[in-house]
Amino acid sequence: MPNPACIAVLGGGFSGAMTAVNVARISDRPLHVVVVDDRGSVGRGVAYSVRRPEYLLNVAARNMSAFPDEPDHFLHWLRTRAEFEPLPEAELREQFVPRQVYGDYLRSIVGNHLAGDGHRPCVTTELITGEAVDIEPGDGHCLVRMADGSAIAAEKIVLATGNEPPAPLPGASALGDHPAWVANPWQQWEHRVPATGSIAILGTGLSAVDAIITLCDLGWQGPIHAISRHGWLPHAHFRGIEYPEFPPAGVDLVTLGLNDLRRLVSQHCAELVARDADPAIIVDKLRPYTQRIWGNFSCEERREFARCDAARWNVLRHRIAPEIHDQVMHARRTGALQIHAGSIEELQAVDGAIRIGIEAREPVVADLVINATGPSTRFSATRNVLLRNLLASGLVSPDDTDMGIRIDRDHTVVNAQGDRSASLLALGPTLRGTYWETVAVPELRVQARRVAETLLGAVPVDVEEEGQLRLEYML
Ligand SMILES: Cc1cc2nc3c(=O)[nH]c(=O)nc-3n(C[C@H](O)[C@H](O)[C@H](O)COP(=O)(O)OP(=O)(O)OC[C@H]3O[C@@H](n4cnc5c(N)ncnc54)[C@H](O)[C@@H]3O)c2cc1C
């Protein structure tokens, strides 16, 4: 009997793991599914591998099911844990659960569907720890080249490589392994916190908040400087604000275009501020339309939004658990946390410390500097060896905005010649140019299901139907 077709999923974070799980759950033909991850613990990825219990999810439990077709799956799983079992349902739904616990949830799904017997009997699975570095197209199948010299033969390959590390900053390359420099906030740095002095965090977004919370938890007593272009910290989640005036009746948000949309949003944000309400409610109300609005923007509008509006959008959109927000605000009120608004001009080693030059401001000198500026978004500058090799060979190409991989509607990669790839598909944060919103679980679970359906030759999800799905599960 011939070997079953092989699907190789490269990247074992949420996106890759859940693509493999969906294939294993729904395939009715013989398949071998291989998940390759360089970090080893398939399912957790970068976000849910955290070792520290103080990091909470920034999405309420009710919206964190890994399966779009089972919206309460995560809530049911939480009930199996002693600390969540006695909570009333309404309270459980609104919990911001530790990210570590969410990682346990994903591991249990992987354990059941990929390592256990929760997959279809016709499917076999394999989890490989290692780095994929290149893909060679062959006759009817491809070879995935691994860093250790081995190779995996597969008919279909899914690129699920996740977020890029932060983009390089001026002067950072000269810092190399300077003891005061943390180039990647997602690597362990707690053991490098000095006994005294000051600490600077570059960035004021979600990764910066993680670092602030950890420093508070470690009992750090010195000053914390957080530096970003605008100096905006994420808002807290809130509930229960009614604002039926948005979107206004008769206005088609999807076809409005960037300038008119900006005007409309500014007008309604001002109205909410006048009512002493949080303008972020407008971002929530836009979310069921976001992907379609983005899809309707011209390439120039997408680029302009990314250049001029993204910072404001992100601060309203990526909100944090109220208890985390309270801690950050407390640190700010007591003066422990100082925010500096201005572009970072240069980083320079000064003996054991680092000097941070800030445009039109006094420089900050710190004994530990953590780069939490957020993932790099220029795809052609990717530092992922696999993606660089695929770009060089033309097997993948940047989308028009150069924010990510170019794909077709069903997630099939479009190569440098503009043709649909015979073997490659992609999902996750590398699709920012196609979807804009493509980073959180509520979006990624839909993508994981859709990629699985494409792999299995199922009918692609209709756009309207997808819109409904998003409406249902994202609010
Ligand atoms: C700090 C943080 C907190 C977050 N909190 C939330 C939250 O509360 N709620 C929410 O909905 N979303 C949250 N997110 C968004 C999060 O990115 C997504 O939920 C999701 O985890 C992304 O999964 P992914 O698989 O696409 O990417 P990743 O988690 O980045 O996984 C990609 C994996 O692929 C591996 N990889 C990459 N290249 C290769 C290669 N060549 N060979 C082998 N392996 C490779 C990487 O090492 C990694 O393990 C958070 C993100 C971060 C960074």
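Buried means under 20% relative accessible area, exposed over 50%, and partly exposed in between, with a 1.4 Å probe and protein chains only. By that definition aspartate 402, at 19% relative accessibility, counts as buried. This is a predicted model, in which local features need pLDDT of at least 70 and side-chain atom pairs count only at pLDDT 80 or more, while totals for chains, interfaces and linings use all residues. Residues are numbered from 1 along each chain as its sequence is written, and side-chain values use heavy atoms, with hydrogens and water left out. Helices (H or I, at least four residues) and strands (E, at least two) are DSSP runs, numbered from the N terminus.

**Backbone geometry**

- Most residues other than glycine have a negative phi, and most peptide bonds are trans.
- Aspartate 402 is not a glycine, yet has a positive phi of about 60°; its place is in the loop between α12 (385–393) and β16 (412–414).
- Alanine 360, also not a glycine, has a positive phi of about 55°.
- Alanine 360 lies in the loop between β13 (353–358) and β14 (364–366), and counts as exposed because its relative accessibility is 82%.
- The peptide bond from phenylalanine 246 to proline 247 is cis, with omega near -10°.
- Proline 247 belongs to the loop between β10 (224–228) and α7.

**Buried loop residues**

- Serine 397 is found in the loop between α12 and β16, and is buried because its relative accessible area is 6%.
- Not counting residues up to four places away in sequence, serine 397 is in contact (heavy atoms within 4.5 Å) with Phe379, Leu391, Gly404, Ile405, Arg406, Val414, Asn415 and Ala416.
- Between the C-alpha atoms of serine 397 and alanine 20, which are 377 residues apart along the chain, the separation is 24 Å.
- Aspartate 278 sits in the loop between α7 (258–274) and α8 (280–286); with a relative accessible area of 19%, aspartate 278 is buried.
- Leaving aside neighbours within four places in sequence, aspartate 278 contacts His235, Phe238, Ile241 and Leu272.

**Packing of α1 and α4**

- Helix α1 (residues 14–26) packs against helix α4 (residues 99–115) at an angle of about 35°, with the axes 10 Å apart; axes are lines fitted to C-alpha atoms, for helices over the stretch in contact, and angles run from 0 to 180 degrees between N-to-C directions.
- The contact involves Phe14, Ala17, Met18, Ala20, Val21, Ala24 and Arg25 of α1, and Tyr102, Leu106, Ile109, Val110, His113 and Leu114 of α4.
- By class, the residues of this contact are 11 nonpolar, 1 polar and 1 charged, where Ala, Val, Leu, Ile, Met, Phe, Trp, Tyr, Cys and Pro count as nonpolar, Asp, Glu, Lys and Arg as charged, and the others, Gly among them, as polar.

- A search of the whole structure finds 1 cavity of 30 Å³ or more; a cavity is a set of points on a 1 Å grid over the protein atoms alone where a 1.4 Å probe fits but cannot get out.
- The largest cavity holds about 100 Å³ of space, a volume being the space filled by probe spheres set on the points, which are joined across faces, edges and corners.
- Its lining (residues with an atom within 4 Å of a point) consists of 13 residues, of which Glu164, Ser376, Met403, Thr430 and Arg432 lie nearest the centre of the largest cavity.
- The lining of the largest cavity has 4 nonpolar, 6 polar and 3 charged residues.

Conventions. On a 1 Å grid over the protein atoms alone, a cavity is a set of points where a 1.4 Å probe fits but cannot get out, and a pocket is an open set with protein on both sides within 12 Å along at least five of seven lines; lining residues have an atom within 4 Å of a point.
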